[in-house]
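This briefing concerns pockets and aromatic contacts. Please consult the sequence and structure shown below before reading on.

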Amino acid sequence: MSRESFKRLSNNIWEVPIDFKPGMNVPARILSSPELFDSIDDRVIDQITNVACLPGIKKAAFCMPDGHVGYGFPIGGVAAFAKDDGIISPGGIGFDINCGMRLLRTNLTLDMIKPKMEYLLASLFSTIPSGVGSKGFVKLSRGSFNRLMESGAQWCLENDFATETDLEFIENQGCIENADSSAVSEKAISRGINQMGTLGSGNHYLEVEVAPREGVFDQTLAEKFGVTVDDQILIAIHCGSRGFGHQIATDYLQVFNKCMGKYGLEVRDRELMSAPIDSDEGRRYFRAMACAANSAFANRQLIVSGIRRVFRSVFGQSDKELGIETIYDVAHNIAKFEKYEIDGREETLLVHRKGATRSFGPGRAEIPAQYRDIGQPVIVGGSMETGSALLCGTKYADDETFGSSLHGAGRTMSRMKAKKSTRGEQVRQRMKDSGILVKTGYMPGLAEEAAFAYKNIDAVVEAVHEIGISKKVARFYPVLNIKG
Amino acid sequence: MPYKITDAHTCADVGLSVSGETPEQLFADAAAGLTEIMVEPKGLENEKKLSLELEDDSLEELFYSWLSELIYIKDARDFLMKQCRLKIKKNNRYKLAAYLTGDNVDPKRQVLKVDVKGVTYYRFRIEKIEDTWQGEVVFDL
């Protein structure tokens, strides 16, 4: 694929012009670094320019620096659609609706947990279910599950699995409005009802991390987010809506497959199947998608509740002494109605973020009061060998990318190739030699998630920092990892 | 082997290429491939039984529904398929009747690999080429 027609808007932004392929309604913008740009798969360009062809899309289709091939949208794809004549597409949200990250801080330091590392890892592994067919520790009635999917993390507060402070520091306070359980199939309910409080498998994980002083890029912002002490212990959770969200995506892909003709919608890729936002099918999918998003907020909160229980038991300290508090919880597979200025006029748009994180800057009413003068936390998950990064949202993101930024390191190698390159036991030993203890139900799965299967997290973080859509705050390094 | 587990076209997931002399064989072999992605099949008992009936407008949509159903019963009914017998008929629509034997999910007895969570439409296809039915599917993990 020739990239000669791409216009370099800045050192880190390439624009694919509207005449790149027939049917594009807006240009596509690739956010990257010169080094990462050369390694972007042509299929990513093909996918993001397909997104630019969708009806009602505004301004541009964006691909973040961690972008890689997905279904329909690339992972790292962001697009906003007009409410009146735009579309909603499961392929722009992902199967794992509201897959996201929760980051917790603690009052502990590395020296304090070192004597109990193996016991802590074993206790977390036995308390937080993971892997194929795992069942959650919460038994839900049908009525309770309906309430959970419509109210999200609020259900956890009502049932003593959350604090009010937890809710304050979850995107949308852990509840997307207009969730309607009547838009959800019986199948989705029966897949999801026993999975609340589970991690899942694949690239989902629970990680205990350390924040060394030398990993802090911005002391003021780090302190504002509660990262205040050298070698402070943090906990990162990466998971989503489990089988519940996947069933909702499957159900509505089948609905959209059959109804697109009725609305005269044609897409360049079947995975971009869509319905008008303003249609019965589109509205029902949004309501069901909101149920899945809420279940994911609740799922991560239930895991937090399990983590607190483990830490209380292992360290013999109270919640107050341990200080396990939510820094923030972000969704990185979701569609949300947000207001932006388009051609001098404020419009409500449905922003699709697929493998992309909201990155609202200072002053936005949607972010917690405590962070409103600096911007929201942006949590970036890396591979299990390299840890994660904390960034901060910016006004530039609000103005340029519909308040969006990256979500992770971005995968570059297939699972099978990774397994051919190394064995799980070798990865485990290498991690142990680096001071990281890991536990999983399926050892070859470790090879699939090895660091070399991902882009360099520091390179993608540096790219968004340079572009200005998020600001670097701190890097965290893993010490314990449970791979789902 | 009538199926081949492949590198997915996206790096995060897993694909399956399958062929068979009849649609029934194609469907059964794809189901066996799906099981092998999730679990070591030799660790599965054959004691649980399940009957399924599905129908759809096209054979391709039926193939999608069939694989989605197997993922669904893994989560909702705790059932991992080991073997199946199935029949597909076409009247106005395509109808599938299947009889499955398999096992409940049990990490103590089985080597569980990775949780397959959805069937994608990414390069999804089923077609008859000369005398052989061929299918391709990518699963979301």
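The largest pocket in this predicted model has 29 lining residues, with Ser130(A), Gly131(A), Val132(A), Ser134(A) and Pro107(B) nearest its centre. A pocket is an open set of points on a 1 Å grid over the protein atoms alone where a 1.4 Å probe fits, with protein on both sides within 12 Å along at least five of seven lines; lining residues have an atom within 4 Å of a point. Local features need pLDDT of at least 70 and side-chain atom pairs pLDDT 80 or more, whereas totals for chains, interfaces and linings use all residues. Residues are numbered from 1 along each chain, chains are lettered from A in the order written, and side-chain values use heavy atoms, without hydrogens and water.

**Largest pocket**
- Its volume, the space filled by probe spheres set on the points, is about 580 Å³.
- H4(A) gives the most to this lining, with 3 residues.
- The lining of the largest pocket comprises 10 nonpolar, 13 polar and 6 charged residues.

**Second largest pocket**
- The second largest pocket has a volume of about 380 Å³ and is lined by 15 residues, among them Asn172(A) and Glu177(A).
- Its lining has 5 nonpolar, 3 polar and 7 charged residues.

**Aromatic contacts**
- Over all chains there are 23 aromatic pairs, counted where ring centres of Phe, Tyr or Trp (its six-membered ring) lie within 6.5 Å.
- Phe27(B), Phe63(B), Tyr64(B), Tyr121(B) and Phe124(B) form a cluster linked by ring pairs.
- The charged end of Lys187(A) sits over the ring of Tyr72(B), 5.1 Å from its centre (NZ of Lys or CZ of Arg within 6 Å of the ring centre and within 35 degrees of the ring normal).

Key: Phe/Tyr/Trp six-rings, centres within 6.5 Å; stacked < 30°, edge-to-face > 60°. Helix = DSSP H or I, 4+ residues; strand = E, 2+ residues; numbered from the N terminus. Nonpolar A, V, L, I, M, F, W, Y, C, P; charged D, E, K, R; others polar.
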